[in-house]
Amino acid sequence: QVRLVESGGGSVQVGGSLRLSCVASGSIFATYAMGWYRQAPGELRELVAIVHSDGRLTYADSVKGRFAISRDPAKNTVSLQMDSLKPEDTSDYYCYARVATSRSDINEFWGQGTQVTVSS
């Protein structure tokens with residue numbers, strides 16, 4: 001199987017910055033996408049940013065211009081630079097990966113989550 005381990009969450013004041021990182025390990029035959037979702041208490045999990053294997057980037061409208069996602073395929077890592085943070089960015093952030101574990105098996109995997117708190 002595949003394991004995703006996140007790091008970099010924490011508390012910051014409005015306007016501050018944080019950088020999240022995620023490392024994927026395990027039986028990875030190919031990676032189709034890696035990215036970040038977030039889920040606040042009582043809310044649905046929502047896409048924050050994702051990078052596809054062809055290099056396409058997708059961002060939630062709410063974070064465009066403030067967040068930047070990057071991926072290092074050689075190291076199986078994905079990072080999220082979060083700038084100009086707002087209180088509404090407060091959430092649990094989850095690393096996501098869509099991975100082939102063999103030529104025929106493609107599955108989605110999730111990290112355990114890391115908390116981001118933005119205070120005014």
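**Close-up views of the strands and the disulfide**

**View 1. Strands β1 and β3 pair in the antiparallel sense over six bridges.** Two strands count as paired if DSSP finds at least two bridges between them, and both helices (H or I, at least four residues) and strands (E, at least two) are DSSP runs that are numbered from the N terminus. Within this pair, valine 5 stands opposite valine 23 in β3. The model is a predicted one, in which local features need pLDDT of at least 70 and side-chain atom pairs count only at pLDDT 80 or more, while totals for chains, interfaces and linings use all residues. Residues are numbered from 1 along each chain as its sequence is written, and side-chain values use heavy atoms, with hydrogens and water left out.

**View 2. A disulfide, defined as a pair of cysteine sulfur atoms within 2.5 Å, joins cysteine 22 to cysteine 95, with an S to S distance of 2.1 Å.** The pair links distant parts of the chain, since cysteine 22 lies in strand β3 (residues 18–26) and cysteine 95 in strand β9 (residues 91–100), 73 residues apart. A search of the whole structure finds one disulfide, and with -85° about the S-S bond the link of cysteine 22 and cysteine 95 is left-handed. Cysteine 22 is buried, with a relative accessible area of 1%, and cysteine 95 is buried, with a value of 0%; buried means under 20% relative accessible area, exposed over 50% and partly exposed in between (1.4 Å probe, protein chains only).

**View 3. Strand β5 (residues 46–52) is mostly covered, with five of its seven residues buried.** Strand β4 (residues 30–39) pairs with β5 in the antiparallel sense over six bridges, and arginine 38 stands opposite glutamate 46 in β5. The hairpin of β4 and β5 has six residues between the strands, and in this hairpin glycine 42 takes a positive phi near 80°.

**View 4. Strands β5 and β6 (residues 57–59 in β6) run antiparallel and are joined by three bridges.** Tyrosine 59 in β6 is the bridge partner of alanine 49. In the hairpin of β5 and β6, which has four residues between the strands, glycine 55 takes a positive phi near 95°.
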